[in-house]
Amino acid sequence: MNRQLLQETNQLLMQELPAQTGIHLNAGADEPILLDMAEVLVGYDMEQQDRRVLLGCYWLLLQSIRSHDHLPTHPDHVGRGVLDGDFLQSFYLQFALRHGFVDLIADLAKTMKLVQIRRAEGSRTIETQLHQRLCRFVSKRYLRRYKSTQRFKQVTYDVI
Amino acid sequence: MLSSLSLADQLHVSLKRINRDLERIVTYDEDLTSRSVITRNVIELVRAGGKRLRPIMVIVGSRFGSDPENNNVYRLASVCEFIHAASLIHDDILDQADTRRGQPALHKKTDPKTAVFIGNYMMCRVVELLTEQKGNLEDYVKDLTAVTTTQLCLGEYQQMDQRYKFDVPLEQYWEKTRNKTALLMATALQLGAQAGLADDAVIELLHEFGDQLGMAFQVRDDVLDYMQSADTLGKPAGADLRNGQVTLPAMLAMEDPYIRKKLLQLGADSTVEQFDEAVGLIRDSGALGLALDQSQHFMNRAWSITEQLASYPAHRDLQTLWRYFEERTY
């Protein structure tokens with residue numbers, strides 16, 4: 001079910017991403033993190049479309065961070081990586097707004113800023129906060145589908 | 001008549017306040033230390049100056065409303081400039097520019113990755129500030145963060161994809177020009193007017209005025225790229241063409257089959273002499289004059305909008321802006 005949600009989210013994003021950017025979303029090494037988020041979302045009572053949008057926002061943010069983290073070293077190729085990261089970051093805002101999640105933008109704004117501060121200062125261990133912040137947003141906005149006796153596992157990821 | 005006063009002085013806009021507000025966006029950020037690489041570099045960037053056209057346009061736009069130049073207007077003015085400054089950091093990396101306003105470009109002072117994250121920080125800080133506001137500021141978030149930055153990127157993609165592809169339809173050139181230049185000017189005036197509580201019809205006209213002015217500005221910029229000497233420009237004439245970018249003068253010149261054939265033979269591996277010849281052909285073709293006519297067409301439309309708004313005293317400010325662009329030679 002989580003994998004299906006991931007596929008549906010990919011489809012939604014690819015439908016909405018302008019073709020001229022040539023961006024192909026690929027979960028790649030982020031797949032475990034995205035699947036974890038999918039599991040969290042499935043645990044709450046919400047429309048399937050909301051799950052796709054929330055997971056889509058998370059995916060766009062992760063991929064924008066990755067694009068800027070892994071800039072090619074050759075000056076002739078660096079531009080494309082910069083542009084892809086920029087586009088994904090701004091497209092996240094557009095995507096969230098289009099689907100009625102302006103409150104998500106407000107909720108994640110500080111965390112996203114902190115990601116950039118830490119990156120500029122040479123640290124790369126902030127994604128956990130993004131994950132936690134999104135989980136918190138979901139728990140505030142939606143009710144759990146079932147009472148869980150087990151806590152969702154604490155996610156701590158190494159950055160690739 | 002040429003004025004010796006700066007644009008801000010002519011329009012009675014306090015650059016001092018704009019610059020102070022710009023610095024405060026960073027210095028008031030409790031998540032940054034004063035020694036942070038971000039704080040230092042963003043403040044340097046702000047202090048390096050600039051024309052501040054976009055904040056000026058926000059303030060002028062607000063003068064068409066019932067609550068002009070309120071605190072929101074000034075906040076939006078500084079935010080607009082902040083977004084512009086952030087986009088310039090990334091532009092310099094994309095263009096591999098070494099300098100900006102006479103100083104080393106940020107990615108040269110630091111490294112490309114740090115510069116990218118500093119630019120990102122600036123964008124994220126703007127989102128944070130705007131989402132802290134209540135009420136209809138949500139609309140400004142939509143206009144500023146969603147439209148302008150996404151469209152700016154699309155303009156860049158279009159430019160990147162069209163590199164050394166000189167056979168592109170005119171519509172693509174207009175779309176790229178609008179995305180890269182005109183939209184931010186239109187949005188600046190629109191946001192100012194909204195924040196100053198102007199009527200919807202007036203907001204629409206101001207948006208169109210900014211759009212037409214931006215289109216005229218960019219076309220003229222593209223013509224100047226061919227007209228002026230290397231000494232004036234600080235780069236060889238026809239630098240756009242040499243970088244693989246086809247702009248209006250080249251597109252119009254290509255209506256001549258001989259020039260078209262010559263230009264379509266150019267590529268990344270062409271020699272300086274081949275580009276020199278192509279630039280010469282474009283210059284002598286009459287295309288520069290035709291492109292300037294097109295620019296004038298946009299300017300005329302912009303002027304007619306100022307006349308439509310003649311019942312507002314602030315229409316004179318639009319005309320001052322118009323003259324500033326009209327007199328601009330570089």
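Visitor: Is R52(B) buried or exposed?
Guide: R52(B) is buried, with a relative accessible area of 4%. Please keep in mind that this is a predicted model.

Visitor: Where does R52(B) sit in the chain?
Guide: R52(B) is found in the loop that runs between helix 3 (37-47) and helix 4 (53-62) of chain B.

Visitor: What is the phi of R52(B) near?
Guide: The phi of R52(B) is near 60 degrees, which is a positive value in a residue other than glycine. For background, most residues other than glycine have a negative phi.

Visitor: What about the phi of Q96(B)?
Guide: Q96(B) is not a glycine either, and its phi is positive, at about 55 degrees. Q96(B) belongs to the loop between helix 5 (71-94) and strand 1 (99-100) of chain B. With a relative accessible area of 39%, Q96(B) is partly exposed.

Visitor: Let us turn to the rings. How many aromatic pairs are there over all chains?
Guide: The count comes to 11 aromatic pairs over all chains. One of them joins F87(A) and F91(A), and this pair is stacked, with 5.6 Å centre to centre and 20 degrees between the planes.

Visitor: Why is that pair called stacked?
Guide: Planes under 30 degrees apart count as stacked, and the planes of F87(A) and F91(A) have 20 degrees between them.

Visitor: How many residues apart are F87(A) and F91(A) in helix 4?
Guide: They are four residues apart in helix 4 (residues 75-98) of chain A, so about one helical turn separates F87(A) from F91(A). F87(A) is buried, with a relative accessible area of 0%, and F91(A) also counts as buried, at 0% relative accessibility.

Visitor: And what kind of pair do F217(B) and F325(B) form?
Guide: F217(B) and F325(B) form an edge-to-face pair, with 5.4 Å centre to centre and 75 degrees between the planes. F217(B) lies in helix 10 (residues 200-227) of chain B and F325(B) in helix 17 (residues 315-327) of chain B, so the pair ties together parts that are 108 residues apart in sequence. Both F217(B) and F325(B) are buried.

Visitor: Which residues do ring pairs link into a cluster?
Guide: The cluster consists of F87(A), F91(A), F95(A) and Y157(B), linked by ring pairs.

Visitor: What sits over the ring of Y74(B)?
Guide: The charged end of R17(B) sits over that ring, 3.8 Å from the centre of the ring of Y74(B).

Visitor: Now the whole of chain B. What does its secondary structure come to?
Guide: Chain B has 17 helices and two strands. Its C-alpha atoms fill a box of roughly 60 × 50 × 35 Å, taken along the principal axes.

Visitor: How does the radius of gyration of chain B agree with a compact globule?
Guide: A compact globule with 330 residues would have a radius of gyration near 20 Å, and chain B has 20 Å, which agrees. Buried residues make up 58% of the 330 residues in chain B.

Visitor: One last point, about chain A. Where is S123(A)?
Guide: S123(A) is in the loop between helix 5 (102-120) and helix 6 (127-141) of chain A. At 26% relative accessibility, S123(A) counts as partly exposed.

How values were computed: Residues numbered from 1 in each chain as written. Chains lettered and ligands numbered in written order. Predicted model: local features only at pLDDT ≥ 70, side-chain atom pairs only at ≥ 80, totals over all residues. Heavy atoms only, no water. Phe/Tyr/Trp six-rings, centres within 6.5 Å; stacked < 30°, edge-to-face > 60°. Buried < 20%, exposed > 50% of the residue type's maximum accessible area, 1.4 Å probe, protein only. Lys NZ or Arg CZ within 6 Å of the ring centre and 35° of its normal. Rg over C-alpha atoms; globule rule 2.2 N^0.38 Å.
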